[in-house]
Amino acid sequence: MPDSQPLTAQVALVTGGTRGIGRAVAAFFLDAGIQVVLTGTNRQAAEATAAQLAAESPTGALAHGAACDVTDDASVAELAAFVRDRCGRLDILINNAGLGIYHPTPELSLEDFRRVVETNLTGVFRVTKALLPLLLKAAEAAENDAPSGATVINIGSLAGRHPFKGGAAYNASKFGLVGLSEAMMLDLRDAGIRVATVMPGSTASGFAGRSAEDGTDWKLSPEDVAEAVLGIVLQRSQALASRIELRPSRPPVKRPPDWRLRKKS
């Protein structure tokens, strides 16, 4: 059994929490009794999502919605102040906000490249840096009271290991996120902050405008990813699954166009 402090005493921040993986993570946390702050670029959408998830959760855990643009210093500073003033602490940070723009390199604009990297890579650093004082306080209090400390989980992608055509910006951001996460893990573990990366494969989340329903039965669900995230939070304090690669168990079989001919020969 985990030796962490009671989950009902913990507060989590989930960026990009209005849909997809972020929404599922927020729901799992609320169902575990964890108080949640979830963000979106639209304040009304974030507040509405928080209210709906709190109403659906059986635990009565509080949920708060806040607007945040992870590419903007002032917006992130406002988010840090919101968490501090509204919740008074932060134990868990889920860096989930992401952006996907896919073009072959000759057609990829510098502006789009910057937008993706600013969101998926620099945004993770910006948010973590702004919330680090609260995380350090949680880790220090945990050390004194003997529970688990604080946890940062960055939502990456298998695209952080496997490049694909048209993915120059996205691959660069996710490859960079793996390096950032692992360096942060080494920098922060002595302070009692665990840093992990969850790298999902194809997920039916509606990300980048893709359908979250049609022909996606084989894909991971957002709940699959959320379950892995919660599992890291629940680990005993001396253990850390620092990187989890999560794949669909039975993706479609990809055969070459002439596979029937090869089979006969």
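Biologist: Which residues line the largest cavity?
Modeller: The lining is made up of Thr-15, Val-70, Asn-95, Asn-96, Ala-97, Thr-119, Gly-123, Val-124 and Val-127. Keep in mind that this is a predicted model.

Biologist: Which element gives the most to that lining?
Modeller: That would be H4, with four residues.

Biologist: And by class, how many nonpolar, polar and charged residues are in the lining?
Modeller: There are four nonpolar and five polar residues, and no charged ones.

Biologist: What volume does the largest cavity have?
Modeller: About 40 Å³. A search of the whole structure turns up two cavities of 30 Å³ or more.

Biologist: How do you look for empty space anyway?
Modeller: A probe the size of a water molecule is rolled over the atoms, and that shows where empty space is left.

Biologist: OK, new topic: aromatics. How many aromatic pairs does a search of the whole structure find?
Modeller: Two. One is formed by Tyr-102 and Phe-164, with a tilted arrangement: 5.9 Å centre to centre and 55 degrees between the planes. This pair links distant parts of the chain, 62 residues apart. Tyr-102 sits in the loop between strand S4 (92-95) and helix H4 (110-145), while Phe-164 is in the loop between strand S5 (150-155) and helix H5 (168-188).

Biologist: What about the pair of Tyr-102 and Tyr-170?
Modeller: Tyr-102 and Tyr-170 are edge-to-face, at 5.5 Å centre to centre with 70 degrees between the planes. Tyr-170 lies in helix H5 and Tyr-102 in the loop between S4 and H4, so this pair ties together parts that are 68 residues apart in sequence.

Biologist: Is Tyr-170 buried or exposed?
Modeller: Tyr-170 is buried, at a relative accessible area of 9%. Tyr-102 is partly exposed at 24%, and Phe-164 is partly exposed at 34%.

Biologist: Let's move to helix H3. How many residues does it have?
Modeller: H3 covers residues 73-87, which is 15 residues. From first C-alpha to last it reaches 21 Å, close to the 21 Å expected at 1.5 Å a residue.

Biologist: Which residues in H3 are buried?
Modeller: Ser-75, Val-76, Leu-79, Ala-80, Phe-82, Val-83 and Cys-87. Seen down the axis of H3, the buried residues fall within an arc of 155 degrees, so they line one face of the helix.

Definitions and conventions: Residues numbered from 1 in each chain as written. Predicted model: local features only at pLDDT ≥ 70, side-chain atom pairs only at ≥ 80, totals over all residues. Heavy atoms only, no water. Phe/Tyr/Trp six-rings, centres within 6.5 Å; stacked < 30°, edge-to-face > 60°. Helix = DSSP H or I, 4+ residues; strand = E, 2+ residues; numbered from the N terminus. Buried < 20%, exposed > 50% of the residue type's maximum accessible area, 1.4 Å probe, protein only. 1 Å grid on protein atoms, 1.4 Å probe; cavity = no way out; pocket = protein on both sides within 12 Å on 5 of 7 lines; lining within 4 Å. Points joined across faces, edges and corners; volume = space filled by probe spheres on them. Nonpolar A, V, L, I, M, F, W, Y, C, P; charged D, E, K, R; others polar. Expected span 1.5 Å × (residues − 1). Arc of directions from axis to C-beta.
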